[in-house]
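Dear colleague,

I am handing over the structure below, and after it you will find what came out of going through it. Please read the notes with the structure open beside them.

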Amino acid sequence: MESAFINKLKPLLDAVAGQMDVYVPKKVGQHFVYSKYDPSAETGVEFNNVRVCTPIKEFLFPLRELAAVFPEPVEPKEIKPFAVFGLKGCDLRSIEILDKVFTEDEFEDPFYVARREKMFIISSDCFEPAESCFCSVLDGKPFAQSGFDLNVSPVNDGFIVEAGSQKGRDFIEKNSELFSGPGDGLLAERDKNRTDTQKQLEQNNAELKFDAPIKRIVENSQDSDVYDEEAKNCIECQACTRVCPTCHCFYLYDTKQKDYFAKMEMWDSCMRLDYATVAGGENPRKILGDRLKHRLMHKFSYFLDRYGIDMCVGCGRCVDGDAGGIDIRAVFKKLSQELKGKGKKKAEVGK
Amino acid sequence: MKQSLYQPINGEIVEIIDESPTIKSFVVVPEGGFKFKTGQFVELTLPGVGEAPFTPSSSPADTEKMEITIMKAGRVTGMLHECKKGQKVGIRGPYGNGYPIDDFAGKEVYIVGGGVGLAPIRSLFLTLADRVKDFKSVVCRYGAKTPEDFIYKNTLFGSWQKMDGIEIKLTVDEADGQWKDNVGVVTTILEPNDVNIKNAVAVVCGPPIMMKFVTLKLLEFGFRAEQIYLSMEKNMSCGIGKCGHCMLGKYYVCKDGPVFTYDRIKDYPNIWD
């Protein structure tokens, strides 16, 4: 069975929790964050209408982890199966992007791969896009298209559960007593909900229709003053890179323990002043505006050249998280205007 | 589960050679031997302190031990300079592309080095010297701040100068009483007819400012950007094109480099910083 119907989320999550740890969205203040699901709690689980605040990369590429022990290596800890509920279309695309980096040919990261294989993904449709959501600008959809094991779509009186992988199909089959057939009416309702949300997103982002691809807009901005202007608002908090689900910079550092040495791996940020500094003191990006520019170039030009995909999913977490008020959408608009201006100048010179 | 990508192999420093007041060479024996191509680099860990990228200065023909020449420049290199014989270290790698020496066959190889930049060049030099007949000629131009700052003094002033098929010229920025050779930065000893540019490659390694001016000089002589091989020094950390620290435009210097022909990187901002 590819699709099924279920009245409530609790029995679904309880069934998953019978097999593995499950992480579910929990509202804290205005935002959702992840916490471990407790089947014995009466309150059940909240359906997150929008992506959670924290990036999904946390589950695959933890903030800090033990990378190596020496001189005597130790067997790495086995990763236990775990499930995460409530990933959105943008989150699934962010995993696709991280896969490019961490499962690359000869340099496949075994820790990432183990977590990736053990992660049971239960995605869900978006209902109320946040003000900052702009996935539609990057060809994203407010619902899952691929990369999930199960997807949950709210409909009248319940949820449609769709399998997106063999693991998902097996789950529905094994727990068939929980589900009933979805019925054509409910599927049509789901599709209408999706179309409505998509329309709403496009409406919210109507101003972000550009004449040129973002790649060209960003590549054209090498000499732009926009970055130095934006840098005046940047307080170098690095939040944009922390909450970004696709940013994956890290650094390695060494520690001395009682009877062994350890190499640790920890998230880093290309916004940090000394991020690229070499031992001799040279730093190619000592100017903050240059660091902002590098980040955009990486996301929309360099990464695309290397992996054939933008390193941004339009989730808007950086917009929400930025303490200085830099809005990547506004930066696009300014850079797009500059490109248009250049086009005009050229046309005039040509006359 | 497989071991981490960042698991170093164990090694030991078996000899330390004072090269100049700020530079030492460390002879390292990695457990189980170690293979690399000339121009590739390794991440050397001083346990509990940190790691840093270095290009071995020895010939890849020796797989039992390698030599790593290190200038005291930052925290890790400072601590390495305090180390004694017998110090345990970790080694990861080799990483990066190295010099494409097979592409140099039949050509004149014009090597320009400065300061500690002689370290990777020594490895290249020894590799070329092993099969010197494969190349039309090997022409070297080395510079140092003062005569005392030259590294590999014994061989540089001695046996290397007498090798067949190899020509070497040296210069210093500031001479002392005994120095009878050239005085001036390395660009002052470069001449347009040092090699037949049409059938030559240039290999440049040294401090960023020196690489910049040598590159400009070579272009002025008529070298094309794709004939100039630069060994780029960036903040390589993971070594495998993931952590992002060494990005130079779209390239990861650790994975796509550290050797680049100038045409590949010339349009990116601040490449010499």
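**What was found**

In this predicted model, the largest nonpolar core holds 166 residues, and the members that touch the most others are A:V161, B:I111, B:A202, B:V203 and B:V204. In general terms, nonpolar side chains tend to be buried together in soluble globular proteins. Taking B:A202 as one of these core residues, and leaving aside neighbours within four places in sequence, its contacts are B:Y110, B:V112, B:L218, B:F223, B:Q227, B:I228 and B:Y229.

Chain B as a whole contains 6 helices and 15 strands, and 51% of its 273 residues count as buried. A compact globule of 273 residues would have a radius of gyration near 19 Å, so the 18 Å found for chain B agrees with that expectation. The C-alpha trace of chain B spans about 55 × 45 × 35 Å along its principal axes, and, among contacts in chain B with a separation of 6 or more, 72% join residues 24 or more positions apart.

Turning to chain A, there is an open sheet of 7 strands with mixed pairing, in the order β1-β8-β7-β6-β5-β2-β3. Its edge strands are β1 and β3 (31–36) of chain A, each of which pairs on one side only, and the twist from one strand to the next averages 25°. Strand β1 (residues 3–6) of chain A has A:A4 and A:I6 on its covered face, whereas A:S3 and A:F5 lie on the uncovered one. Towards the other end of that order, β2 (residues 21–28) of chain A is joined to β3(A) by 6 bridges in an antiparallel arrangement, where A:K26 has A:V33 as its bridge partner in β3(A).

Two helices of chain A lie across strands of this sheet: α1 (residues 9–17) lies across β1, β2, β5, β6 and β8 and runs at about 140° to β2(A), while α6 (residues 183–204) lies across β1, β7 and β8 and runs at about 90° to β7(A).

Finally, at the interface, 41 residues of chain A are in contact with 39 residues of chain B. On the chain A side, β4, α4, β9, β10 and α10 each supply at least two residues, and β9(A) gives the largest share, 7 residues. The residues on that side of chain A divide into 24 nonpolar, 6 polar and 11 charged.

With best regards

Key
Residues are numbered from 1 along each chain as its sequence is written. Chains are lettered from A and ligands numbered from 1 in the order in which they are written. This is a predicted model: local features need pLDDT of at least 70, side-chain atom pairs count only at pLDDT 80 or more; totals for chains, interfaces and linings use all residues. A nonpolar core is a set of buried Ala, Val, Leu, Ile, Met, Phe, Trp, Tyr and Cys residues joined through C-beta atoms within 7 Å. A residue is buried if 20 or more other C-beta atoms lie within 10 Å of its own, exposed if 12 or fewer, and partly exposed in between; C-beta atoms are placed from the backbone. Two residues are in contact if their C-beta atoms, placed from the backbone, lie within 7 Å. Helices (H or I, at least four residues) and strands (E, at least two) are DSSP runs, numbered from the N terminus. The radius of gyration is taken over C-alpha atoms; the globule rule is 2.2 Å times the number of residues to the power 0.38. Ala, Val, Leu, Ile, Met, Phe, Trp, Tyr, Cys and Pro count as nonpolar, Asp, Glu, Lys and Arg as charged, and the others, Gly among them, as polar. Two strands pair if DSSP finds at least two bridges between them. Axes are lines fitted to C-alpha atoms, for helices over the stretch in contact, and angles run from 0 to 180 degrees between N-to-C directions.
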